[in-house]
Amino acid sequence: MASVQALKKIWMDGKLVDWDDAKIHVLTHGLHYACAVFEGIRCNETVARSAIFRLEEHIDRFLNSAKIYRMNLGYSKRELVDACIETVRANRVTSCYLRPIAFTSYGAMGLNPLKNKISVAIPLWEWGPYLGEEALSKGVRCMVSSWARIDSRSLPPQAKCSANYANSALAKMEAISAGYDEAIMLNAIGLVAEGPGENIFRVKDGILSTPPASSGILRGITRDTIIQFSRDLKITFYRNDFTREELFTSDELFFSGTAVGVNPIREVDGRQIGDGGYPLAKKLQRLYDGAIHGRLKRYSGWLTKV
Ligand SMILES: Cc1ncc(COP(=O)(O)O)c(C=O)c1O
């Protein structure tokens, strides 16, 4: 994956600073103890101006992640929404990936994070589809990870905390080293949870399903978008658990996420999924693409124009 290309400005603790000045100390508390919560949000070109997709829902999740970790960000939802818009404008980009992040700053060391000031930053960069453009049409090859997904007895999966991504990175590295594109993670009781940075959907006999929040997943905003589409398209949909073997016998599987979009899965542990076509995944992918690029009036309420 190519390195991030520098842009112009980053929002840091209430003001825009030059890209190269957005620096932190090596003793930043959050770097050592993973006390950091973040978001991943996309701004896309639309027929009129660029627009950020479901910005308010992302900021709600950001604030909820912070609340779970007893972090007081010191900014209201409105201020954070405005800061995201301001940062996109300042960088004069038409499409980008925004990464609001809040972390315990430089100050005291040791495991008690409550002593340290919380810093909030909003960097952004230009980023293509996470698993690549080709993966969106051809689908990805996955392995079921030997690493179990974190569960809420140890780390709250519904808080988008940096700590969770050490678990994700172990699964991702394992999959890449074994020659696959991506991992699928089971939870502590062996049921399917999600990908390292994506939710997962299954299609079987015309029924769409995805694991419930209680399976130990991040409640994806793209997942919620797909659920909304399934209602609008009158597709039978359930939030239900499925097993590893039900992955293999699916008619279709796909990932959903802000970074990845709607990405079909073509193989799991050497078994081809379905007949190699992805009719429903592709239909939902087209709808998602239409919604994020402002081509579908019905979903224009999800767009914040920049
Ligand atoms: C672990 C995990 N699951 C699911 C998702 C998908 O969430 P969203 O659709 O809100 O991007 C992400 C991405 O943020 C993630 O990191």
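**Strands, sheet and helices**

Tutor: This is a predicted model. In it, strand S1 (residues 9-12) and strand S8 (residues 118-122) run antiparallel and are joined by 2 bridges.

Student: What makes S1 and S8 a pair?
Tutor: Pairing needs at least two bridges between two strands. S1 and S8 have 2 bridges, so they count as paired.

Student: In what order do the 5 strands of the open sheet lie?
Tutor: The order is S2-S1-S8-S7-S3, with antiparallel pairing.

Student: Why are strand S2 (15-18) and strand S3 (36-38) called edge strands?
Tutor: Each of S2 and S3 pairs on one side only.

Student: How do you know that the length of helix H5 (residues 164-177) agrees with what its residues should span?
Tutor: At 1.5 Å a residue, its 14 residues should span 20 Å; the end C-alpha atoms are 20 Å apart, so the two agree.

Student: Which residues of H5 are called buried?
Tutor: Buried means under 20% relative accessible area. Asn-164, Asn-167, Ser-168, Ala-171, Lys-172 and Ala-175 are buried.

Student: Why do you say that the buried residues of H5 line one face?
Tutor: Seen down the helix axis, they fall within an arc of 130°, so they line one face of H5. Strand S10 (140-144) and strand S11 (182-186) are among what covers them.

Technical notes. Residues numbered from 1 in each chain as written. Predicted model: local features only at pLDDT ≥ 70, side-chain atom pairs only at ≥ 80, totals over all residues. Heavy atoms only, no water. Helix = DSSP H or I, 4+ residues; strand = E, 2+ residues; numbered from the N terminus. Expected span 1.5 Å × (residues − 1). Buried < 20%, exposed > 50% of the residue type's maximum accessible area, 1.4 Å probe, protein only. Arc of directions from axis to C-beta. Contact = heavy atoms within 4.5 Å.
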